[in-house]
Each structure stands twice: as C-alpha cells, then as structure tokens.
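The sequence and the structure are shown first.

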Amino acid sequence: MTTQTALPPMHESLLDVAGKKIFVAETGDGPPVLLLHGGGPGASGVSNYSRNIAELAKEYRVVVPDLPGYGRSTKGVDGTDPFGHLADHIRGVLDRLGLERAHLVGNSYGGACALRLALDTPDRVDRMVLMGPGGIGTTRTLPTRGLNSLLNYYSGDGPSRLKLEKFIRTYLVFNAAEVPASVIDSRYQDSIDPEVVANPPLTRPKSLGAVWKMDFTRDKRLERLPVPTLVLWGAADKVNRPSGGRMLAGRLPNCDLYEVANTGHWVQWERAELFNRLCADFLAGRR
C-alpha cells in the first residue's frame with residue numbers, strides 16, 4: 001500500500017479569471033507544472049494530488065488549481081462546452097501567474113481539460129501527462145458503469161455518502177480496502193456544498209453539439225498536436241476504458257503509453273511512487 005506523504009507548505013491564492021475566482025495552491029521551484037484534478041464528487045486539486053505534490057515539488061514549481069465548479073473555486077461550468085470552459089479558465093490561470101508555457105498533468109476530467117487546452121493553444125504547453133483522461137472515444141461506445149455512477153451522483157434521490165462510497169470503492173480504485181473512510185467523509189462533505197448541489201460541475205452533455213465536442217477522437221487537430229505526451233492508464237479502470245489509451249497513442253504523434261497493472265482510475269493515488277517517478281522523468285525529458 002502507498003504511504004501518505006506529508007504535504008509541504010503551500011502558498012494559496014484566489015485568482016480572478018474571466019469573472020470567476022479560481023483557487024490555486026503552489027509550492028516548489030523549477031519549471032512550472034499544473035496538476036489538474038478529476039471530476040468526481042467532492043474532488044479538489046490538493047486532495048487529488050496529496051501523494052504527488054511533495055515529490056514533484058523537489059524538482060518543479062507545482063501549481064495546483066481547483067477547477068471551476070470544485071473546491072474553493074467559483075461554482076458552475078458551461079454545459080454547452082465543458083472542456084473548453086475548463087481549458088479557458090486554466091489558460092487564464094497561466095496568464096494571471098505570468099506563465100507563457102507550462103507542463104500540464106491531468107487526471108480524468110482534468111486530463112480532458114489539459115488536452116483541450118493543448119489543442120486550442122499548443123504553444124502554451126511544454127509537455128503533458130494524462131491519466132485516464134475523459135473525452136476519449138465517448139461517442140463510439142456506451143458509458144461504463146463507473147462513469148454512469150459518477151454522472152448519476154446528483155440525480156435521482158440526490159447525493160449521499162453511500163452513493164459516494166460505492167463509486168469510490170467499486171469503480172474508482174482497484175483495491176477498495178486502500179481507501180480510508182476519512183477520504184470518503186471529506187469528499188462527501190465537499191460534494192454537498194449547496195452551491196455545488198444547485199449546479200453540479202459534471203453532468204451528462206446538454207446537447208448533441210456538446211457530445212461531439214467532448215470526444216477528442218473526433219477532433220482532427222489531435223493528429224497534428226506536437227506536444228510530447230505521456231498517457232498513463234490503469235489496466236483495471238472502470239470509469240474510462242483502458243482502450244482509450246491505445247486510441248490516443250494511435251492518434252497523437254508524440255505519445256508514449258504506459259498501462260498500469262492492477263490499477264483503477266486513480267493512477268496518481270493508487271500507484272503514487274510509480275507515477276511520481278514516471279511523471280518527473282518524462283517532464284524533464286529523461287525518458
């Protein structure tokens with residue numbers, strides 16, 4: 001089991017980006033790396049990367065935002081183009097921090113955000129690491145049970161700790177016993193923030209146009225994207241199918257693919273030591 005690493009001291013700020021407040025935590029010195037979290041209920045940047053920040057900060061300036069709709073950032077996401085909305089605001093974070101370019105690391109929803117930002121403005125991205133990113137082949141097959149569990153969290157009888165625990169233990173990770181109850185408790189409390197319940201940040205697409213925009217395999221720019229990319233995908237991912245990794249590797253011209261055995265959707269948490277080593281080396285150009 002991966003041991004928990006203590007977080008280093010982090011500088012916190014609220015940045016004004018296109019009329020929203022985006023919360024950002026930072027630590028470390030070196031080339032800038034943005035860590036973009038996933039879209040599960042109660043997710044936030046620092047909590048999703050709690051096992052990675054200290055190690056990466058030994059070599060990089062680690063910037064950890066809460067995506068729009070999550071954590072301490074302003075709630076609400078544009079449902080007509082969610083990935084574009086996220087990418088625009090994270091690009092705004094780069095602007096506010098005075099960063100012309102940065103490395104992007106994104107898990108799931110955050111991976112989709114990173115990929116869309118790179119497609120729209122490849123000159124702003126140095127290297128990119130994607131872990132089970134969203135939006136890969138989503139119009140080519142039905143959603144997984146794990147993704148349906150995620151998308152249904154706020155519907156029906158509404159959010160509950162039982163619903164969240166089922167999602168995390170059944171679908172998010174490979175080994176349910178590794179997730180402490182405290183993680184579920186914390187995420188549940190964040191997931192029932194009244195502002196989030198009133199306007200959930202991750203829902204089913206609102207239109208056919210949104211569906212199309214949210215499948216990157218339909219975007220012809222993918223095959224021309226020059227950004228060096230490492231894709232990490234849990235072989236036992238029950239939220240986003242591992243076949244998505246092979247789809248990306250077959251389309252991106254500078255893509256390395258690493259499929260991680262006995263691992264679910266949360267590679268950076270479940271296999272932290274492996275992830276930290278691969279991520280640090282790839283971003284530095286050592287592999």
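Asparagine 262 is exposed, because its relative accessible area is 55%; exposed means over 50% relative accessible area, buried means under 20%, and partly exposed lies in between (1.4 Å probe, protein chains only). This asparagine 262 has a phi near 55°, a positive value in a residue other than glycine. Asparagine 262 is placed in the loop between β8 and α11 (267-270). Helices (H or I, at least four residues) and strands (E, at least two) are DSSP runs, numbered from the N terminus.

Alanine 18 also has a positive phi, near 50°, and is a residue other than glycine. The loop between β1 (11-17) and β2 (20-27) contains alanine 18. With a relative accessible area of 72%, alanine 18 is exposed.

## Basis of the model

The model is predicted: local features need pLDDT of at least 70, side-chain atom pairs count only at pLDDT 80 or more, and totals for chains, interfaces and linings use all residues. Residues are numbered from 1 along each chain as its sequence is written, and side-chain values use heavy atoms, with hydrogens and water left out.

How many bridges pair β1 with β2? The two strands pair in the antiparallel sense over 7 bridges; two strands pair if DSSP finds at least two bridges between them. The bridge partner of glutamate 12 is alanine 25 in β2. Together β1 and β2 form a hairpin with 2 residues between them, and alanine 18 lies in the turn.

Valine 24 belongs to strand β2. Its relative accessibility is 0%, so valine 24 counts as buried. The C-alpha atoms of valine 24 and leucine 34 are separated by 9.8 Å, and these residues are 10 apart along the chain.

Is strand β7 (residues 229-234) mostly covered or mostly uncovered? It is mostly covered, with 6 of its 6 residues buried. In a regular strand the side chains alternate between the two faces of the sheet. In β7, Thr229, Val231 and Trp233 point one way, while Leu230, Leu232 and Gly234 point the other way, and all are buried.

Strand β7 has a parallel partner in strand β6 (residues 125-131), joined to β7 by 4 bridges. Here valine 129 has leucine 230 of β7 as its bridge partner. Strand β8 (residues 255-260) also pairs with β7 in the parallel sense, over 6 bridges, and valine 231 stands opposite leucine 257 in β8. A right-handed β-α-β unit is made by β7, helix α10 (residues 243-251) and β8. A crossover is right-handed if, with the strands pointing away from the viewer, the path from the first strand over the helix to the second runs clockwise.

## Helix α12

Helix α12 (residues 272-283) has 12 residues, which at 1.5 Å a residue should span 16 Å; its end C-alpha atoms are 16 Å apart, in agreement. The expected span is 1.5 Å times one less than the number of residues. Because 10 of its 12 residues are buried, α12 is largely enclosed by the rest of the structure. Among the buried residues are Leu274, Phe275, Cys279 and Phe282. After α12 comes glycine 285, with a positive phi near 75°.

## Cysteines

A disulfide is a covalent bond between the sulfur atoms of two cysteines. It is counted as a pair of cysteine sulfur atoms within 2.5 Å, and by this rule the count is 0.

Cysteine 255 is buried, with a relative accessible area of 15%. Cysteine 279 counts as buried at 0% relative accessibility.

## Cavity and pocket

The structure holds 1 cavity of 30 Å³ or more. The largest cavity contains about 100 Å³ of space. It is lined by 14 residues, of which Gly38, Gly39, Gly40, Leu172 and His265 are the closest to its centre. On a 1 Å grid over the protein atoms alone, a cavity is a set of points where a 1.4 Å probe fits but cannot get out, and a pocket is an open set with protein on both sides within 12 Å along at least five of seven lines; lining residues have an atom within 4 Å of a point. Grid points are joined across faces, edges and corners, and a volume is the space filled by probe spheres set on the points.

The largest pocket holds about 580 Å³ of space. Of its 29 lining residues, the closest to its centre are Gly135, Thr138, Pro143, Leu147 and Asn240. The elements that give two or more residues to this lining are α5 (145-151) and α10.
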